[in-house]
Every structure is written in C-alpha cells, then in structure tokens.
Amino acid sequence: MSELVLRLDPDVHQALHDLADAQDRAPEEVAREALRRHLHEEGTLVRAVAERIARQHAELLRRLGE
C-alpha cells in the first residue's frame, strides 16, 4: 500500500475524527473509504460525459478514423 500525506483544515480534521469515533473506526479507514467512493462517483460521471460526447460526434469520429 502506498502512502499519501494530506494536509487537512482543522475543521475537516475534526469532522473526520468525530465520524471515525462515532463509527468505532480509524480515521484513515474512513478517509480511504470516502476517497474510494469519490473516485468511483467521479469516474462514473466522466465516463458518462465521454460517452455522451462520443455519441454526439460519432459521425465526425468515424470520418477521422478513415
């Protein structure tokens, strides 16, 4: 597992620790889960936009491929 150091604003740091404490989990575990969820959601959004653009410009993309 790779290591990444994040500097958090004091309010975000406190909220992370409060949530982790309420869930009886480590703050690192909560942060990893939040990051995984965010990356999944953003990836889904980016793929949807790319697919929409590809459909809208399918004819141009086909001609460029010739």
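# Salt bridges, a helix and a pocket

User: What is the relative accessible area of Glu-33?
Analyst: This is a predicted model, in which local features need pLDDT of at least 70 and side-chain atom pairs count only at pLDDT 80 or more, while totals for chains, interfaces and linings use all residues. Residues are numbered from 1 along each chain as its sequence is written, and side-chain values use heavy atoms, with hydrogens and water left out. Buried means under 20% relative accessible area, exposed means over 50%, and partly exposed lies in between (1.4 Å probe, protein chains only). Glu-33 is partly exposed, because its relative accessible area is 29%.

User: Which residues are linked with Arg-25 in a network of salt bridges?
Analyst: A salt bridge is a side-chain nitrogen of Lys or Arg within 4 Å of a carboxyl oxygen of Asp or Glu. Arg-25 forms one with Glu-29, with the closest N and O atoms 3.4 Å apart, and another with Glu-33, where the closest N and O atoms are 2.5 Å apart. Arg-25, at 22% relative accessibility, counts as partly exposed, and so does Glu-29 at 36%. The residues linked with Arg-25 in the network are Glu-29, Glu-33 and Arg-37.

User: In which helix do Arg-62 and Glu-59 lie?
Analyst: Arg-62 forms a salt bridge with Glu-59, the closest N and O atoms being 2.6 Å apart. Helices (H or I, at least four residues) and strands (E, at least two) are DSSP runs, numbered from the N terminus. The two residues are three residues apart, about one turn of the helix, and both lie in α3.

User: How far apart are the end C-alpha atoms of helix α1?
Analyst: The expected span of a helix is 1.5 Å times one less than its number of residues. Helix α1 covers residues 10-22, so its 13 residues should span 18 Å. The distance between the end C-alpha atoms agrees, at 18 Å.

User: Which element gives the most to the lining of the largest pocket?
Analyst: A pocket is an open set of points on a 1 Å grid over the protein atoms alone, where a 1.4 Å probe fits, with protein on both sides within 12 Å along at least five of seven lines; lining residues have an atom within 4 Å of a point. About 670 Å³ of space lies in the largest pocket, a volume being the space filled by probe spheres set on points joined across faces, edges and corners. Of its 19 lining residues, the closest to the centre are Leu-6, Pro-27, Glu-28, Ala-31 and Arg-32. With seven residues, the element that gives the most to this lining is α2.
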